[in-house]
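Please read the following points alongside the sequence and the coordinates.

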Amino acid sequence: MKLLDRYILAKTLWPLIATVSIALIALLMEQTVRLLDLVVNKGGPLSLILRMLANLIPHYLGIALPAAFFIGVLLAVSRLSSESELDAMHASGVPLHRMIAPLMMFAVLLVIFGTIIVGFLQPYTRYGYRALIYLVTETAWYSALEKGAFFSGFGNSTILVDDISEGGRRLTGIFVYEDKNNGGSVTTTAQTGYVVRSQTDDQLMLKLEQGARIETDGPNKKINALTFAKFELPLDIALAPEPYRIRGASEREQTLPELWHNVWTLPKTDPMYYAVHAELHERLVRIATYLFLPLLAFPLGSSTRRTRRGTGIAVGIVLIVIFYYLLQFGHDVSANGRLSPWLSLWLPFFVYAGFSSWAFWEANVSPGHNFVETVLARIESIFDSLRHIGRRKKAPA
């Protein structure tokens, strides 16, 4: 039986890994295009984009993992059924509930893993992603600097530019004056310059081209002058944005223990009361969903035949998509205080759990047959009857 368990798990793991990988790559590629447009226009380095994408992985993994597990079980059972391996297992005396045992154990492991992702990783990484977006978009440089006007928002430095283009990144006709602590000064001029972020600490840097730099010391009035083709000037921003807010201002940035604590401590008059309740219940429902995915996927896969191998897969995917849309709708309704989470979230879950358990019980009682084939057969018979009636009416008297 251990050999059988390993065989079933191996058949499930490869489709699961492939589905998760494809889903993550597709979702991250779509987001990469948007982040490239945002960061490049703001002068950010490639490392900043990679940090943003890393913070998005737990969010997308929480979306892709349940669907990938369901598809993995569905494809594995469908293949076992189409190759008559399930029939051989039945013939050797292995019941259906014994076949699904390794998948249920794997579902328990996914519940633990999903709890870590949804309950702890996602709140922290979601906050980190928003903090990076804030860093890129809210810097005072892009909102305060004006062409033809002196700007003194860089500590002891004052800057004047003739023209600004490319969303504030490219400067033309640059004049920078800086007071030194010893009473001296530094004057820098350049024909053009670009504002970028440092690769190490995200500090703004001004990359100057074709210019000159004159430095004077206070006590002895010594003057140093040089010309340069390229020169990097750090910008010590005095008007930098305020530090990003603390984590937890949004209910989606709170961990499961924090949500549980707020559920019992927040008064109903608090604006976050209903949102916190909805968020906690939705996360618990999504975590518990793992336990019933094999119960629904196994009969859908085992009911397929060579002529209808894709029917159970299509029906299963449609059912899961509908269920998750109902959860999203229930979360929104509950977050607005229009409906209790027990009705908007747990009621669809109990219907889904009961339906999955009933489908598995039907498949266990009558191996190879379940509600999908019965419904499809009845629909087909109805269409055949309608076609037959239509032909009789068209036939000549």
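1. E258 is partly exposed, because its relative accessible area is 27%, where buried means under 20%, exposed over 50% and partly exposed in between, with a 1.4 Å probe and protein chains only. This is a predicted model, in which local features need pLDDT of at least 70 and side-chain atom pairs count only at pLDDT 80 or more, while totals for chains, interfaces and linings use all residues. Residues are numbered from 1 along each chain as its sequence is written, and side-chain values use heavy atoms, with hydrogens and water left out.

2. The side chain of E258 meets that of R247 in a salt bridge at 2.8 Å, N to O, a salt bridge being a side-chain nitrogen of Lys or Arg within 4 Å of a carboxyl oxygen of Asp or Glu. The two residues are eleven apart and the pair links distant parts of the chain, with R247 in the loop between β6 (223–234) and α7 (256–265) and E258 in helix α7; helices (H or I, at least four residues) and strands (E, at least two) are DSSP runs numbered from the N terminus. R247 also counts as partly exposed, at 22% relative accessibility.

3. R245 is partly exposed at 30% relative accessibility, whereas E253 is buried at 0%. Salt bridges that share partners join R130, R245 and E253 into one network.

4. How many salt bridges does a search of the whole structure find? The search finds eight. One of the salt bridges is formed by D5 and R98, with the closest N and O atoms 3.0 Å apart. D5 lies in helix α1 (residues 2–41) and R98 in helix α4 (residues 96–99), so the pair ties together parts that are 93 residues apart in sequence. D5 is buried, with a relative accessible area of 18%, and R98 is partly exposed at 24%.

5. T255, in the loop between β6 and α7, has 6% relative accessibility and counts as buried; leaving aside neighbours within four places in sequence, T255 is in contact (heavy atoms within 4.5 Å) with G119, F120, P123, Y124, R247 and R283. E279, in helix α8 (residues 273–289), is buried at 5%, and its side chain makes a polar contact with that of H331 at 3.2 Å. A polar contact is a pair of N or O atoms within 3.5 Å; within protein, one must be able to donate a hydrogen and the other to accept it, and residues adjacent in sequence count only if both atoms are side-chain atoms.

6. The largest nonpolar core has 64 residues, of which M52, F69, F70, M99 and F298 touch the most other members; such a core is a set of buried Ala, Val, Leu, Ile, Met, Phe, Trp, Tyr and Cys residues joined through side-chain atoms within 4.5 Å. Helix α2 (residues 46–82) gives the most to this core, with 15 residues. Apart from this core lies another, of 14 residues, among them I159, L171, V176 and F228.

7. On helix α5 (residues 101–137), L109 is exposed, with a relative accessible area of 53%.
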